[in-house]
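This report describes a pocket and a helix pairing in the structure shown below.

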Amino acid sequence: MESFVYESIKISEKNDWWYRGLRKIIFQLIKKYHPITNGRLLDVGCGTGYLLKTLEKKWNVYGIDTSLKAVKMAKSKRLKNIHLASIERLPFKNDYFDVILILDVIEHVQDDRLALSEVYRVLKPGGIAIFNTPAFKFLWSYHDISAKHIRRYTVKNLVKKLQNENFLILKISYINCLLFPIAFIHRLLTKIFPPNRLATDIGSVPDFLNEIFYRVFAWEGFFLERFDLPLGLSVSAVVTK
């Protein structure tokens, strides 16, 4: 990612509707699919380390990132097991982690097949990996460029890629469905009137809308407990080995 994106994340991730809503859904998925805590948890692409910091009381947490800036930010939070490394070559032994989080990562890597095979290798049998990744190529925008995305996914092609690496899929669904129409219109407008410089969506919503968007996004957790959503801004999957 561009350096300024990490700065935007650092400033916004505590209160930004997207990060708050995603954390709530991720916590819900962990609780449902791996209720036993105190094992090893890896955050691939840990960024500033904020998510790991919220999990360290229940888990023995580890993090990796390809950005030295991000690694320094995470270590500044007194997180110990933080490594400068890539998902395509994870510096851990086989069958090591109980839970692995791969949140908005695989869209960045050239060889997503190798990335998935590495996650499979270091995941314990019976452990879970949770993926989240941007959905639908037609939503491509300036934000993807700033974040240095290579691709976006659909449920169908992510299912195929996961099954090719022998993962057992426990849950896969689009998420952020209710706000999809607003995001679609926003992305359409930015294609017509693109920003005149590199930009990101992070922290760009006024405070009153930020709270509304968070409540709507977080509310989706109720539906995800019961069924899969037909479309959304991201694809989210829970898999096991």
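## Second largest pocket

In this predicted model, the lining of the second largest pocket comprises five nonpolar, three polar and three charged residues. The pocket has a volume of about 220 Å³.

The residues that line this pocket are Phe27, Ile30, Lys31, His34, Pro35, Thr37, Thr54, Leu55, Lys57, Lys58 and Trp59. Two helices, α2 (17–33) and α3 (50–55), each contribute at least two residues to the lining. The largest share, three residues, is supplied by α2.

## Packing of α2 against α9

Besides its part in the pocket lining, α2 packs with helix α9 (residues 207–224) at an angle of about 20°, and the two axes lie 8 Å apart. Angles under 35 degrees count as roughly parallel, and α2 and α9 are therefore roughly parallel to each other. The crossing of α2 with α9 is right-handed.

## Residues at the helix contact

On the α2 side, the contact is formed by Trp17, Trp18, Arg20, Gly21, Leu22, Lys24, Ile25 and Gln28. Their counterparts in α9 are Asn210, Glu211, Phe213, Tyr214, Phe217, Ala218, Gly221 and Leu224. Grouped by class, the residues of this contact are nine nonpolar, four polar and three charged.

Note on methods
Residues are numbered from 1 along each chain as its sequence is written. This is a predicted model: local features need pLDDT of at least 70, side-chain atom pairs count only at pLDDT 80 or more; totals for chains, interfaces and linings use all residues. Side-chain values use heavy atoms; hydrogens and water are left out. On a 1 Å grid over the protein atoms alone, a cavity is a set of points where a 1.4 Å probe fits but cannot get out, and a pocket is an open set with protein on both sides within 12 Å along at least five of seven lines; lining residues have an atom within 4 Å of a point. Grid points are joined across faces, edges and corners, and a volume is the space filled by probe spheres set on the points. Helices (H or I, at least four residues) and strands (E, at least two) are DSSP runs, numbered from the N terminus. Ala, Val, Leu, Ile, Met, Phe, Trp, Tyr, Cys and Pro count as nonpolar, Asp, Glu, Lys and Arg as charged, and the others, Gly among them, as polar. Axes are lines fitted to C-alpha atoms, for helices over the stretch in contact, and angles run from 0 to 180 degrees between N-to-C directions. Angles under 35 degrees count as roughly parallel, over 145 as roughly antiparallel, 65 to 115 as roughly perpendicular and the rest as oblique. A crossing is left-handed if the near helix is turned anticlockwise from the far one by less than a right angle, and right-handed if clockwise. Contact means heavy atoms within 4.5 Å.
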